[in-house]
Amino acid sequence: MRFHDDSNEKQGKDISERYEFRDIRKEEAERAAEIERICFPPNEACSEEHMRERIEKAPELFLAAVDRQTGGMAGFLNGLATDEDSFRDEFFTDAGLHNPAGSNIMLLGLDVLPQHRGQGLAGELVAQYVRRERERGRKMLLLTCLQGKVKMYEKMGFTDRGIADSAWGKEEWHEMSRRIEA
């Protein structure tokens with residue numbers, strides 16, 4: 001049974017007042033790579049080269065949150081479209097795997113700068129991304145995360161599929177999915 005929670009609506013409204021949610025701009029690739037280095041350890045972070053390639057190949061699959069007061073990017077979510085339904089490491093390094101007509105999105109990173117955490121920004125990025133990709137006819141979002149983030153993603157509607165085939169950064173990842181079709 002679903003229930004209506006006014007606090008989530010209020011939080012979403014407050015977040016939308018504080019942040020602008022928009023597509024990333026090509027000239028923001030360096031800043032996105034810098035944010036990635038802040039949010040992830042070196043063995044997991046996307047390189048600036050790969051970030052530029054992702055933005056070049058699939059800018060429409062980035063969603064940036066920009067602080068309205070400072071004009072600075074506070075975080076972003078990015079992925080690649082595919083018809084595959086299981087995550088593999090090559091998605092992190094080969095933007096050429098992007099299939100614009102793909103029915104699924106492999107989420108490659110949810111980045112929120114430390115000073116913007118704890119306000120629901122990550123959840124709002126995911127919620128807005130889900131709405132946008134549902135409107136585009138996508139069917140499913142997939143991601144990998146460490147054990148410590150499983151509960152966070154479950155609260156965002158993802159299901160833990162168990163240990164992923166991915167060994168990115170020499171870590172053990174959980175593969176998670178969320179159906180988004182209408």
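Two strands count as paired when DSSP finds at least two bridges between them. Keep that in mind as you select strand 2 (residues 62-67) and strand 3: they pair in the antiparallel sense, over five bridges. One more thing before we move on: what you are looking at is a predicted model.

**Stop 1: the hairpin.** Find Ala-65 and look across to strand 3, where Gly-75 is its bridge partner. Now follow the chain through the hairpin of strand 2 and strand 3, which has five residues between the strands. Gly-71 in this hairpin takes a positive phi near 80°.

Stop 2: Select strand 3 (73-82). How many of its residues are buried? The count is 10 of 10, so this strand is mostly covered, with buried meaning under 20% relative accessible area. On to strand 4 (104-112), which runs antiparallel to strand 3 and is joined to it by eight bridges. To see one of the pairs, select Asn-78 and its partner in strand 4, Gly-109.

**Stop 3: the whole sheet.** Strand 4 also has strand 5 (residues 140-145) beside it, running parallel and joined by three bridges. Now show every strand: seven of them form an open sheet in the order 1-2-3-4-5-7-6, with mixed pairing. Strand 1 (19-22) and strand 6 (159-163) are at the edges, and each has a single partner strand, so one side of each is left without a neighbour in the sheet. Neighbouring strands in this sheet are turned by 25° against each other on average, ignoring direction.

**Stop 4: helix 2.** Select residues 29-39, which make up helix 2, and colour its buried residues: Ala-29, Ala-32, Ala-33, Ile-35, Glu-36 and Cys-39. Look down the helix axis, and these buried residues fall within an arc of 160°, so they line one face of the helix. What covers them? Helix 3 (48-57), strand 3 and strand 4 are included in the cover. Helix 2 lies across strand 3 and strand 4, and runs at about 100° to strand 3.

**Stop 5: helix 5.** Next, select residues 121-135. At 1.5 Å a residue, the 15 residues of helix 5 should span 21 Å, and the end C-alpha atoms are 21 Å apart, which agrees. Its buried residues include Leu-121, Leu-125, Val-126 and Tyr-129. Helix 5 runs at about 155° to strand 4, one of the strands it lies across. Just after this helix, look for Gly-137, which takes a positive phi of about 85°.

**Stop 6: the cores.** Which residues have the most contacts inside the largest nonpolar core? They are Leu-121 and Phe-158, in a core of 40 residues. Helix 4 (90-93) and helix 6 (150-155) are among the elements that give two or more residues to this core. Select Phe-158 and look for what it touches, including Leu-107, Val-126, Leu-141 and Met-176. Apart from this core lies another, of 14 residues, among them Ala-29, Ala-33, Met-51 and Phe-62.

**Last stop: a loop.** Finish at Gln-115, in the loop between strand 4 and helix 5. Is Gln-115 buried or exposed? It counts as exposed, because its relative accessibility is 56%. Then select Ala-74: the C-alpha atoms of Gln-115 and Ala-74 are separated by 8.3 Å, while the two residues are 41 residues apart along the chain.

Notes: Residues numbered from 1 in each chain as written. Predicted model: local features only at pLDDT ≥ 70, side-chain atom pairs only at ≥ 80, totals over all residues. Heavy atoms only, no water. Helix = DSSP H or I, 4+ residues; strand = E, 2+ residues; numbered from the N terminus. Expected span 1.5 Å × (residues − 1). Buried < 20%, exposed > 50% of the residue type's maximum accessible area, 1.4 Å probe, protein only. Arc of directions from axis to C-beta. Contact = heavy atoms within 4.5 Å. Axes fitted to C-alpha atoms, helices over the stretch in contact; angles between N-to-C directions. Core = buried A, V, L, I, M, F, W, Y, C linked by side-chain atoms within 4.5 Å. Lists of a residue's contacts leave out its neighbours within four places in sequence.
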